[in-house]
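Reader: Hey, could you walk me through this one? I'm new to it and would like to start with a single residue.

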Amino acid sequence: MATVALSSKAGRWIMASSIMASAMAFIDGTALNVVLPSLQKSLNASGTDLFWILNAYLLMLAALILIGGSLGDRLGRKKVFMVGISIFISGSLACGFAPGVLLLIVFRMLQGVGGALMIPGSLSLISSSIHPKERGKAIGTWSAFTTMVTIGGPILGGAFGDAGLWRYIFFINIPIGIIALIILAKHVNEIRDEQDKQRLDLAGAVAIAMGLAAVTFGFLRIPAIGLNNWQVYASLGGGLLLLVAFVMIERYSKTPMMPLQLFSNLTFSGANLLTFFLYAGLGAGMLFLGLNLVQVQGYSQLQSGLTFLPFTILMITVARFAGALADKHGPRLLLIFGPAVAGLGLLILSFVKQTTGPAAYWTTFFPGILVFGLGMSFTVAPLTTAVMGSVSDSHSGTASGVNNALTRIASVFANAILGALAVLFFSGALQGQLKNIKLNDKQKQVIEQQSVNLGNASVPAGFEGKEKTIIEQAYKDSFIAAYGNIMRISAGLGFLGALMAVLFIRNSAVKKGTHQTTATK
């Protein structure tokens with residue numbers, strides 16, 4: 001397979017198209033959380049709706065991302081990459097025009113299909129096209145550019161949200177994607193693995209997609225209909241059976257999307273368990289922190305986006321240093337220290353109550369974000385070192401794909417389970433608040449019906465003056481109580497990740513010199 005120099009014209013075009021396509025996914029991921037308050041208000045969405053809007057994309061991505069990589073190997077990396085970009089920008093356009101929550105969820109699934117073909121193609125194109133001696137430098141360049149985009153995502157999202165233009169978070173993907181497609185069509189040659197004749201694991205993809213969707217549906221229905229309901233039993237039970245079926249399919253398949261033999265290596269298993277717990281805590285923590293800042297603390301969406309800057313700056317400045325330490329001394333101690341510190345940061349954030357707004361940021365939210373960011377910065381590169389270094393070179397692509405898929409699966413479970421718990425925590429706290437307010441049972445019931453909207457809960461019609469103010473404060477206090485509980489659970493997931501490192505990860509099982517692939521995270 002012919003390769004090109006990074007500095008050549010062909011090399012520069014490959015880098016440009018890969019970076020632009022990746023930028024779409026990064027902007028979409030980081031900016032969307034920031035504009036959720038605007039989106040919720042504009043579409044009159046409940047809290048459960050928000051979790052579905054996030055999960056619809058993640059479900060398809062988690063289920064299909066491994067198959068996306070295999071398709072590129074078989075049918076041509078450029079071709080599959082271009083198809084993925086086309087589907088992603090089509091889904092983005094549809095999301096931007098979606099008139100309601102249901103269609104937005106459907107179009108987010110379309111984005112997820114595109115992302116599953118596009119995201120693996122980005123680094124795969126670089127790895128298979130750039131000369132081996134320059135691949136590390138190429139991946140580093142890709143990582144630097146996508147990190148800069150990641151910084152800009154929340155700020156851009158905040159600016160659009162404050163201007164009432166949350167739909168432009170989706171529309172901005174269109175010109176970026178079209179330019180990437182033009183570059184690929186005109187300046188990049190096709191690359192495929194002629195020896196890859198393996199069948200695609202479609203049965204595994206269907207089983208995991210349907211299983212995750214059923215489990216998600218079951219958990220998100222609990223706040224509305226209660227735990228003791230046939231819908232909950234059927235969806236949770238059916239979802240778990242489908243996930244068991246997925247494991248069985250992978251065990252007996254000749255071409256599994258998730259080869260189970262990789263998990264016989266304890267370090268690989270431990271690193272992936274750590275990934276699951278830590279990224280579940282990360283996803284839930286970042287989501288509820290963003291909602292709290294805008295809906296309760298009075299931050300604008302732009303200010304909310306800016307609060308995450310210390311986190312991103314730490315990731316840029318510390319991650320490379322942590323990767324070098326992992327190469328020199330092994331990842332084990334860093335993977336105990338990093339998740340534990342990240343968990344501590346989430347725990348600190350859980351104790352922040354009602355503040356006076358952005359002016360109080362430096363003494364309220366900043367310390368927790370700083371500690372959380374420091375913990376994640378010392379984790380990401382060593383975690384990739386542990387995953388990639390625990391398997392043979394021939395399985396490195398599959399190992400990276402499995403680990404990336406687990407980060408999405410972790411987010412799906414976190415959004416579903418902690419989303420349902422948040423509504424229950426909010427409802428329970430609100431009931432306690434209403435005991436101290438002189439209202440009849442019917443009035444209390446009407447007020448409690450707003451629990452599903454979490455921080456966007458609004459006082460029902462018929463309440464005015466002092467009574468309205470008291471109810472508004474009850475909603476805020478109830479959200480802060482729910483937020484505190486969710487952040488403490490997220491912190492516990494971080495500590496659980498550290499425990500996985502203690503129990504399973506051994507330096508002796510890890511090859512050195514693998515941290516440069518942290519860009520795949």
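**A chat about the chain**

Author: Leaving aside residues up to four places away in sequence, Ile53 touches Leu39, Leu104, Ile105 and Arg108, where a contact means heavy atoms within 4.5 Å.

Reader: Is this model predicted or what, and how are things counted?

Author: This is a predicted model, with local features needing pLDDT of at least 70, side-chain atom pairs counting only at pLDDT 80 or more, and totals for chains, interfaces and linings using all residues. Residues are numbered from 1 along each chain as its sequence is written, and side-chain values use heavy atoms, with hydrogens and water left out.

Reader: OK, back to Ile53. Buried or exposed?

Author: Ile53 is buried, at 0% relative accessible area. Buried means under 20% relative accessible area, exposed over 50%, and partly exposed in between, with a 1.4 Å probe and protein chains only.

Reader: And where does Ile53 lie?

Author: Ile53 lies in helix H2. Helices are DSSP runs of H or I with at least four residues, strands are E runs of at least two, and both are numbered from the N terminus.

Reader: How many helices and strands are there in the chain?

Author: The chain has 19 helices and zero strands. Its radius of gyration is 23 Å, close to the 24 Å from the globule rule for 521 residues, so the chain is as compact as a globular protein of that length. That radius is taken over C-alpha atoms, and the rule is 2.2 Å times the number of residues to the power 0.38.

Reader: What share of the 521 residues is buried?

Author: Buried residues make up 55% of them.

Reader: Which residues have the most contacts inside the largest nonpolar core?

Author: Those are Ile85, Ile126, Phe288, Phe365 and Met376, in a core of 146 residues. A nonpolar core is a set of buried Ala, Val, Leu, Ile, Met, Phe, Trp, Tyr and Cys residues joined through side-chain atoms within 4.5 Å. Another core, of six residues, lies apart from it, and Leu314, Ala326, Leu334 and Phe378 are among them.

Reader: Switching topic: how much space lies in the second largest pocket?

Author: About 460 Å³.

Reader: What lines that pocket?

Author: The lining has 19 residues, and Val247, Phe276, Leu406, Ile409 and Phe413 lie nearest the centre of the pocket. By class, 17 of the lining residues are nonpolar, two are polar and none is charged. Helices H8 (202–225), H9 (230–252), H10 (266–295) and H17 (396–434) each supply at least two of the lining residues.

Technical notes
On a 1 Å grid over the protein atoms alone, a cavity is a set of points where a 1.4 Å probe fits but cannot get out, and a pocket is an open set with protein on both sides within 12 Å along at least five of seven lines; lining residues have an atom within 4 Å of a point. Grid points are joined across faces, edges and corners, and a volume is the space filled by probe spheres set on the points. Ala, Val, Leu, Ile, Met, Phe, Trp, Tyr, Cys and Pro count as nonpolar, Asp, Glu, Lys and Arg as charged, and the others, Gly among them, as polar.
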